[in-house]
Amino acid sequence: MRVIGMRILLAEDSISNRLLIQSYLKTTPCELDLAENGELAVDMFQAVRYDLVFMDMEMPVMDGYTAVREIRRWERECDMPPTPIVALS
């Protein structure tokens, strides 16, 4: 029987932090998608249903604060329940 894990979006511009989180999750059944900035994270979030988001708060193009506001606005407009978002700094 195949165990299906959570679908996680990691929005993080630091390569070393992305590698660290990937290494923590590599033995789990989680699917991890990576976004290098907040704008890309919002686009990805709107395209795929995630169970959890790890959001770096200081990123180029769009910071995490703005990205979270955009994600929450989109969830309200689509009448979706809020996805858990964990802030990273």
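The model is predicted, so local features need pLDDT of at least 70 and side-chain atom pairs count only at pLDDT 80 or more, while totals for chains, interfaces and linings use all residues. Residues are numbered from 1 along each chain as its sequence is written, and side-chain values use heavy atoms, with hydrogens and water left out.

I start with H2, which spans residues 38-47. Helices here are DSSP runs of H or I with at least four residues, strands are runs of E with at least two, and both are numbered from the N terminus. Which residues of H2 are buried? They are Gly38, Ala41, Val42, Met44 and Phe45. They cover an arc of only 165 degrees around the axis, which puts them on the same side of H2; the arc is taken from the directions from the helix axis to the C-beta atoms. Buried means under 20% relative accessible area, exposed over 50%, and partly exposed in between, with a 1.4 Å probe and protein chains only.

What covers that buried set includes strands S1 (7-11), S2 (31-35) and S3 (52-56), and helix H3 (64-77). Contact means heavy atoms within 4.5 Å.

Next, the rings. A search of the whole structure gives two aromatic pairs. Rings of Phe, Tyr and Trp (its six-membered ring) pair if their centres lie within 6.5 Å; planes under 30 degrees apart are stacked, over 60 edge-to-face, and the rest tilted. Phe45 and Tyr50 are stacked, at 6.4 Å centre to centre and 25 degrees between the planes. Phe45 and Trp74 are edge-to-face, at 5.8 Å and 85 degrees. Phe45 lies in H2 and Trp74 in H3, so this pair ties together parts 29 residues apart in sequence. Ring pairs link Phe45, Tyr50 and Trp74 into a cluster. Both Phe45 and Tyr50 are buried, and so is Trp74.

Tyr50 also has a polar partner. Its side chain is joined to that of Asp33 by a polar contact of 2.7 Å. Such a contact is a pair of N or O atoms within 3.5 Å; within protein, one must be able to donate a hydrogen and the other to accept it, and residues adjacent in sequence count only if both atoms are side-chain atoms. Asp33 lies in strand S2 and counts as buried at 17% relative accessibility.
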